Amino acid sequence: MRKSTQSVNKKWHAALLDKLVDVARNAQNSIPYFTHMALLGTKTRICNNNLMTAIVERFRTNIKEARIKDLERIVLAITKLNFKSGTGIEDELCREILQEIKRPERKFEIEEFPQGLAACIQYLAYKDLYCPSLFAYILSPTIVRTVFEKRSTYDVTILFLDSYARINLKEEYSGPYLEKSMCADISGRLQKPIIMDDHERLISEDLVLASVSAAIKKCFGQPEFVHVLPYSSTLGSLFQI
Amino acid sequence: MRNQNICKSIVDLILILEKQKNVAAFHSTPHPPWPLGEYISSDKFTKGNTNLTALAFVVSYLSIGKTLDMDEGFQCKIKQLQLLGFVPIVVSY
């Protein structure tokens, strides 16, 4: 279920999440058990507030036993579902996670799993929670070269971190950035070509783009498309000047 | 039908904005194509000596049960466009 997407009946999925609330409140299992539960709604974008509240509370109680992977995944779930408890516990947990990953006791785990750290600080950055020194560690040439250069699954993560450092942290970040050539390579892989003509091949968001483009062309002439944010594939930005 | 309505709304919006001073859309300003991976800030758009307000249309899929509560990654993207000086206009479907 965690890996399935549109093939899952969403009403059925939502009902299942409801049934899991009591399970989450009463289970005594280890943290990874709750990580899996938190991720259940992320593919189908269904957020069960009671379930997420129970899971977040469990994480807060047992944060020290959570792996970097668990911390990364719970922040992913919180941000992807835009989970708002009403009491702010999700924001408290995210702040606690930022402090937790800076602890010296996490050093060896971070050195062994820098990808997990990178993803974790990406999702924390969505909430404007960041630590410049962690950005500097991940964007250091050594880590980039040995860990990320040949792993395309982390393309969005590493390019996002670079963009966040350049745009959001430009006044306070003085660490390394990705090399221009690497930014170009990664964004070349990420950015889908903009297809306007072959309507049979277009997915929904491309159809919207194509329709807008056709309307603008009729009124004003050929519009121009640019990927303003290099890590954004296509769902994307077009702007007219 | 939905796409036609979206198009009409956007074009109507552009026409309204175009009537305002210093907000211009669809005036072609020659500029070099941006290299891949480089960031574009809106101060690069000018007409004569005037900086134009540059609009950025961002297409978004609305998740079930949520109206304008887009996920925080998307909200971060919108904020970055604002920091780059763009006016983000979200088109949802």
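1. Arg60(A) counts as partly exposed, with a relative accessibility of 31% (buried is under 20% relative accessible area, exposed is over 50% and partly exposed is in between, with a 1.4 Å probe and protein chains only). Its side chain meets that of Glu96(A) in a salt bridge of 2.6 Å, N to O (a salt bridge is a side-chain nitrogen of Lys or Arg within 4 Å of a carboxyl oxygen of Asp or Glu). Arg60(A) is in helix H3 and Glu96(A) in helix H5 of chain A, so the pair ties together parts 36 residues apart in sequence. Helices here are DSSP runs of H or I with at least four residues, numbered from the N terminus.

2. A word on the model before going on: it is predicted, so local features need pLDDT of at least 70 and side-chain atom pairs pLDDT 80 or more, while totals for chains, interfaces and linings use all residues. Residues are numbered from 1 along each chain as its sequence is written, chains are lettered from A and ligands numbered from 1 in the order written, and side-chain values use heavy atoms, leaving out hydrogens and water.

3. Asp91(A) and Lys127(A) form one of 2.8 Å, N to O, which links helix H5 to the loop between H7 and H8 of chain A, 36 residues apart. Lys127(A) is buried at 15%, whereas Asp91(A) is partly exposed at 26%. A network of salt bridges links Lys64(A), Glu100(A), Arg103(A), Glu105(A), Arg106(A) and Glu109(A).

4. Most residues other than glycine have a negative phi. Asn82(A), however, has a positive phi of about 50°; Asn82(A) sits in the loop between helices H4 (68-80) and H5 (89-101) of chain A and is buried at 6% relative accessibility. Asp128(A) also has a positive phi, near 60°, and lies in the loop between helices H7 (114-126) and H8 (132-138) of chain A, partly exposed at 39%.

5. Helix H1 (residues 10-26) of chain A has a kink of about 30° centred on Leu20(A) (the bend is the angle between axes fitted to the seven residues ending at a residue and the seven starting there). Leu20(A) is among the buried residues of H1(A), along with His13(A), Leu17(A), Val21(A) and Ala24(A). These buried residues pack against helix H2 (31-39) and helix H3 (49-61) of chain A (contact means heavy atoms within 4.5 Å).

Technical notes
Helices (H or I, at least four residues) and strands (E, at least two) are DSSP runs, numbered from the N terminus.
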